[in-house]
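Subject: Structure handover

Hello,

The structure you asked about is below. My notes on it follow, starting with the backbone and ending with the helices.

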Amino acid sequence: MDSGIRQRILVMRHPETPANTQRFFSGRRDVPLTPRGERQRGRAADALVAFSPDRIWCSPLTRCRDLAEEAGARLGIPVRVDADLVELDFGELEGTRFEAGASGRAQFPWPLDGQGRSVPAPGAESFEHATARARRLMDELRPLGGRTALVSHGGLSRILIAAMYNVPYDRFWNVHLANVCSAYYTCNGTSFCLGGFNLTPEEVIERSTRPNADDLSDIWGVAERKDA
């Protein structure tokens, strides 16, 4: 039976960085990986290879780009570096601990005004601007077929969900995608459907390569793979 699925999309978060362990806003800063993050990168690359995408797009920041390029080299496909996949700009909060965004002059998540619009910190990106980036990505994805892997950030992954499902700005930040974990979507050429969330690299490998009796519509497309 035709499921109507034209494209399968994996959105993977980058490996662990000191910002994740020390709990500070890194945003657009090009921070390195922790030793644990370096170990995570190899398994994350294995998952991207197992997913077997036709294309890989990634954030320009090295915590994403290095992972994407490792997988692309193993698959023999080019990697597109896309500025729309970069993390939110936290403005004057960048480099400060999360506690500063909870009790300081600039609050995060950004408060909303009377019209429901975000009020970002000085120099920071609004939720509306980040949503416009997510919608540009969605517009580019809709006409594509096959498989697409996106390597991005925790903030941008939340924005994508909010844009796809019209989640209010006062709620969407409560969703958390762990390091090197993935959200999985299908697309019928018009709308996007969430098919999995916070999937570990091991789960991505399993679901991408082995038939699952519970996947009645074969949303992972395992049955159509010649290497399955």
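In which loop is Pro109 found? Pro109 is in the loop between helix H4 (98–103) and helix H5 (127–141). Helices here are DSSP runs of H or I with at least four residues, strands are runs of E with at least two, and both are numbered from the N terminus.

This is a predicted model, in which local features need pLDDT of at least 70 and side-chain atom pairs count only at pLDDT 80 or more, while totals for chains, interfaces and linings use all residues. Residues are numbered from 1 along each chain as its sequence is written, and side-chain values use heavy atoms, with hydrogens and water left out.

Backbone

Most residues other than glycine have a negative phi, and most peptide bonds are trans. The peptide bond from Phe108 to Pro109 is cis, with omega near 0°. Arg23, in the loop between helix H1 (18–22) and H2, has a positive phi near 60°. Its relative accessibility is 44%, so Arg23 counts as partly exposed (buried is under 20% relative accessible area, exposed over 50%, partly exposed in between, with a 1.4 Å probe and protein chains only). Val180 is not a glycine either, and has a positive phi of about 55°. Val180 sits in the loop between H6 and S5 and, at 6% relative accessibility, counts as buried.

Sheet

Six strands form an open, mixed sheet in the order S3-S2-S4-S1-S5-S6; two strands pair if DSSP finds at least two bridges between them. Strand S3 (79–81) and strand S6 (192–199) are the edges, each pairing on one side only. From one strand to the next, the twist averages 20° (axes are lines fitted to C-alpha atoms, for helices over the stretch in contact, and angles run from 0 to 180 degrees between N-to-C directions).

Strand S2 (residues 55–58) and strand S4 (residues 146–152) run parallel and are joined by four bridges, with Cys58 opposite Val151 in S4. S1 and S5 run antiparallel with six bridges, and Gln7 stands opposite Cys187 in S5. S5 and S6 are also antiparallel, joined by five bridges, and Ser182 stands opposite Leu199 in S6. The hairpin of S5 and S6 has four residues between the strands, and Gly189 in this hairpin takes a positive phi near 100°.

Why is S5 described as largely enclosed by the rest of the structure? Six of the six residues of S5 are buried, so the description follows from that count. Ser182, Tyr184 and Thr186 are buried on one side of S5, and Ala183, Tyr185 and Cys187 on the other.

Helices

Helix H6 (residues 154–165) lies across strand S1 (7–13), S4, strand S5 (182–187) and S6, at about 150° to S6; contact means heavy atoms within 4.5 Å. Helix H7 (residues 201–209) lies across S1, S5 and S6, at about 130° to S6.

The axes of helix H2 (residues 35–51) and helix H3 (residues 62–75) come within 9 Å and cross at roughly 50°. H2 and H3 are therefore oblique to each other (angles under 35 degrees count as roughly parallel, over 145 as roughly antiparallel, 65 to 115 as roughly perpendicular and the rest as oblique). Residues making the contact include Ala44 and Leu48 of H2 and Leu67 and Ala71 of H3.

Regards
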